[in-house]
Every structure is written in structure tokens, then in C-alpha cells.
Amino acid sequence: MKKFLILNGPNLNLLGSREPGIYGSTGYEALCEMLRARAAEMGAAADCFQSNHEGALIDAIHGAAGKYDAIIMNPGAFTHYSYALLDALKAVDVPCIEVHISNVHRREEFRHTSVTAPACVGQICGLGTYGYVAAMAYFLEADHG
Ligand code: DQA
């Protein structure tokens with residue numbers, strides 16, 4: 001059974017109350033419950049971890065090696081400047097898809113750059129919380145070239 005580590009970075013613990021016009025009304029815990037349920041439906045398992053601290057996210061990436069088949073990560077604002085997260089992703093042999101709930105390309109200029117995406121298989125943005133589900137589905141496809 002495939003196991004996913006779903007990582008969420010700074011301020012994503014405030015989902016539901018944080019700028020709901022942009023991020024929706026689903027809270028962080030409800031998101032995790034939904035993702036665990038969707039993973040189970042697809043015959044997989046998902047663990048969720050959120051931190052507002054860069055080092056804790058780096059530790060979680062390191063800890064994923066040998067334990068998870070893939071990482072699905074929304075690095076929050078760290079996306080735009082954390083070379084430490086980029087290096088952590090490059091340091092472990094666990095594939096990652098980067099997810100953003102909002103369409104970062106329709107927002108401020110600084111959100112158009114991801115320094116972490118180059119270490120990822122791909123990036124999903126603008127699909128709301130469905131982006132996390134889409135990332136799991138991608139990893140569960142037997143053959144995606
Ligand atoms: C975000 C987009 C980032 O620019 C922002 O800093 C976030 C959330 C998203 O999910 O759309 O915290 O990653």
C-alpha cells in the first residue's frame with residue numbers, strides 16, 4: 001500500500017479562517033480528514049504534518065526517506081524563498097509534488113516564483129484542496145512515464 005506524507009507549511013494551520021475568499025472555508029483538520037479518507041478510498045494511506053517552522057518541515061522531509069512513497073507538499077510562503085527546503089527535497093530519494101490551493105500565478109508577482117518546484121515532479125496550483133487529491137492520484141497511476 002502506498003503511503004503519502006502530506007506536508008503543509010506556514011499559516012496553513014489557519015485554513016478555514018485565513019483569507020477564505022482565497023483559500024476556502026475548509027479548516028486544516030477537516031482537510032487532513034478528507035485527505036486520509038480519499039487516500040483510503042484509493043487503497044493508499046496518508047499522514048499529515050503541518051508546521052510554521054522551516055526546520056520542522058526539513059526534518060519531516062528527511063524523516064520521509066524509507067518511510068513514505070511520496071511527499072505532497074504545500075510549502076506556503078517558503079515556496080518563494082526557501083533554498084533550505086529545496087535542498088532537503090533534493091537530499092532525499094522521495095518524489096514530491098508541490099501543491100498550492102490558490103492560483104499563485106493570478107496573484108502578486110512574488111508568488112509567481114517557486115524555488116522548491118525544481119526539486120519536485122511537478123506543481124499543482126489553483127485547484128483548491130482538490131490539488132492534494134490530484135497529486136495522490138498521480139502517484140497511484142501505475143504508469144505515468
Ligand atoms: C499557498 C500560496 C503561497 O503564496 C502562500 O504564501 C501560502 C499558500 C497556496 O496554497 O495557495 O501560504 O501556498
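A residue is called buried here when its relative accessible area is under 20%, exposed when over 50%, and partly exposed in between (1.4 Å probe, protein chains only). This is a predicted model, in which local features need pLDDT of at least 70 and side-chain atom pairs count only at pLDDT 80 or more, while totals for chains, interfaces and linings use all residues. Residues are numbered from 1 along each chain as its sequence is written, and side-chain values use heavy atoms, with hydrogens and water left out.

A friendly place to start is strand β4. Strands are DSSP runs of E of at least two residues, and helices are runs of H or I of at least four, both numbered from the N terminus. Strand β4 covers residues 96-100, and because five of its five residues are buried, it is largely enclosed by the rest of the structure. Cys 96, Glu 98 and His 100 point one way from this strand, whereas Ile 97 and Val 99 point the other way.

Two strands count as paired if DSSP finds at least two bridges between them. Strand β3 (residues 70-74) pairs with β4 in the parallel sense over three bridges, and Ile 71 has Cys 96 as its bridge partner in β4. From β3 the chain passes through helix α4 (residues 83-91) to β4 in a right-handed β-α-β crossover; right-handed means that, with the strands pointing away from the viewer, the path from the first strand over the helix to the second runs clockwise. Strand β5 (residues 122-125) also pairs with β4 in the parallel sense, over four bridges, with Gly 122 of β5 opposite Ile 97.

The ligand has residues around it that include Asn 74, His 100, Ser 102 and Arg 111, each with a heavy atom within 4 Å of the molecule. Polar contacts are pairs of N or O atoms within 3.5 Å. A side-chain N or O atom of Asn 74 is 2.8 Å from a ligand oxygen, the corresponding distance for Ser 102 is 2.6 Å, and that for a polar side-chain atom of Arg 111 is 2.8 Å. Of the 320 Å² of accessible area that the ligand has on its own, the protein covers 99% (Shrake-Rupley method, 1.4 Å probe).

Finally, the cysteines. With a disulfide taken as a pair of cysteine sulfur atoms within 2.5 Å, the count is zero. For Cys 32, the nearest cysteine sulfur is that of Cys 48, 3.3 Å away; Cys 32 is buried, at 2% relative accessibility. The sulfur of Cys 120 has its closest cysteine sulfur in Cys 96, at 3.8 Å, which is too far for a bond. Cys 120 is likewise buried, because its relative accessible area is 13%.

Terms used: A polar contact is a pair of N or O atoms within 3.5 Å; within protein, one must be able to donate a hydrogen and the other to accept it, and residues adjacent in sequence count only if both atoms are side-chain atoms.
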